[in-house]
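This report goes through selected local features of one protein model.

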Amino acid sequence: MTKKTYFENNRLDILILGPMGGDKGKDSSTSVIGKAVEQLLAEETAKELLAKTGTNKHYVHIPEEWNEQEIINGVLSRLDIADLVIINLTPRDGISGESSPNVYYELGLVHALGLPVMPIYQTGTKVPFYLLTTRGYLVDEFTIEAVMHELRLPIQRFIDLNDNTDFSDNRVTQFYDHLPIIDISAAVGLATGYYYNFVGRLLRDGSFITLYPDKIKHLVIVRPDNVLDTYEQDLEQMKKVLSAAGFTLTEDKLEQPPGDRKGPAWINHVNGIVIDLPRTIYPLKISPRLLSLQDRFDKPGMSAAGVQQRDIVLRQVSEQLLDRVQRAILYHVNKEREGYRKRLLHFARIEELPDLIRALA
């Protein structure tokens, strides 16, 4: 069950998506849905439920009503704040028309983001088999009265904090044990914490690099081959590779600069080239993505060939998660403005370290 949070900013944002435009002088079916939802929110039951949460504003967003040149940006920006999405899957020309690829693309985004959604369509609409076991709402025709009749109870359930209906449930979240795609990887969260607590502090002017210029000439983030081994195993391997190349890691404790409340930083370096194997990313081995994969592979009596295939796939996915860690770190680096030593940051695998250190020295 997804926790309801729509009331936390004292407003409710409902986004209506579907085919736009209709016959001249006639509202489109998507516009009809918007008008019906507005009337439903004005009913006493809905007003009382919203009042109990302190929600004093509501907005019903319909693309047809936006005076914007860039419709895609408009849709994405409103998806970013939507509490509920109502999506009309009926073709613009009725059940005899062609389904809109744009609408189904938007539905895929909604599912991936884990947003609560109410699909609605006219009886007789051909929908993909992915939706045949998903909750949907049918109307014989798109009139305000028919839509209100079909959506009245679902909307009341959505805004009622005591109701446990999970409107974000879909075939994708079911596959991943009720987690949306956006939540099945811990990579970005771990990378963000690592950046916030270590990388960002080391290379920002006025921080550690200003206080210890001789000990922070470069920062090399060491990327393990995967996260299925332990930090201790990879650290030992890293020391062996460096030692074989004639390099010795020196450990130093750097006291925090004035105004920094996060405490001192411990670094390993080779003559001022900081070499950091991020301990914080190893919990990726228990990320939902990897655990879900293991659950699907691990079966009683699995053969040696099956075990080998499982390990190959797990290492491939581990590599993908590490790609996302690196991209997330670079995302934060590129968001930094003046006064940040971006050019001093490097990435390397363990076996690449000796050559990189020689080049930087």
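## Terms and basis

A residue is called buried under 20% relative accessible area, exposed over 50%, and partly exposed in between, with a 1.4 Å probe and protein chains only. The model is predicted: local features need pLDDT of at least 70, side-chain atom pairs count only at pLDDT 80 or more, and totals for chains, interfaces and linings use all residues. Residues are numbered from 1 along each chain as its sequence is written, and side-chain values use heavy atoms, with hydrogens and water left out.

Helices (H or I, at least four residues) and strands (E, at least two) are DSSP runs, numbered from the N terminus.

## Salt bridges

A salt bridge here is a side-chain nitrogen of Lys or Arg within 4 Å of a carboxyl oxygen of Asp or Glu. By this rule the model has 16 salt bridges.

One of them pairs R223 with D323, at 2.7 Å from N to O. R223 belongs to strand β6 (residues 218-223) and D323 to helix α11, so 100 residues separate the two partners and the pair links distant parts of the chain. R223 counts as buried because its relative accessibility is 10%, whereas D323, at 30%, is partly exposed.

E319 and R349 form another salt bridge, with their closest N and O atoms 2.4 Å apart. E319 is in helix α11 and R349 in strand β10 (residues 345-349), so this pair ties together parts that are 30 residues apart in sequence. Both partners are partly exposed: E319 has a relative accessible area of 22%, and R349 has 21%. Through shared partners, salt bridges join R223, D225, E319, D323 and R349 into one network.

D13 lies in strand β1 (residues 11-17). Is D13 buried or exposed? Its relative accessibility is 1%, so D13 counts as buried. D13 forms a salt bridge with R11, the closest N and O atoms being 2.7 Å apart. R11 is partly exposed, at 25% relative accessibility. The two side chains also make a polar contact at 2.7 Å; such a contact is a pair of N or O atoms within 3.5 Å, where within protein one must be able to donate a hydrogen and the other to accept it, and residues adjacent in sequence count only if both atoms are side-chain atoms.

Contact in general means heavy atoms within 4.5 Å. Leaving aside neighbours within four places in sequence, D13 is in contact with Y59, H61, I81, A82, D83 and L84.

## Nonpolar cores

A nonpolar core is a set of buried Ala, Val, Leu, Ile, Met, Phe, Trp, Tyr and Cys residues joined through side-chain atoms within 4.5 Å. In soluble globular proteins, nonpolar side chains tend to be buried together. The largest core of this model has 54 residues, and those with the most contacts inside it are V199, L202, L203, L219, M238, I275 and I329. Helix α11 (residues 304-335) gives the most to this core, with nine residues.

Beyond four places in sequence, V199 is in contact with Y194, L219, I221, Y340 and L345. Another core, of 29 residues, lies apart from the largest one and includes L50, I62, L84 and V139.

S29 is found in helix α1 (residues 29-41). At 16% relative accessibility, S29 counts as buried. Not counting residues up to four places away in sequence, S29 touches N88 and F142.

I71 is in helix α3 (residues 71-79) and is partly exposed, with a relative accessibility of 32%.

## Positive phi angles

Most residues other than glycine have a negative phi, and most peptide bonds are trans. N10 is not a glycine, yet has a positive phi of about 60°. N10 lies in the segment before β1 and is partly exposed, at 34%.

D177, also not a glycine, has a positive phi of about 55°. Where is D177 placed? D177 is in the loop between α6 (171-175) and α7 (187-203). With a relative accessibility of 59%, D177 counts as exposed.
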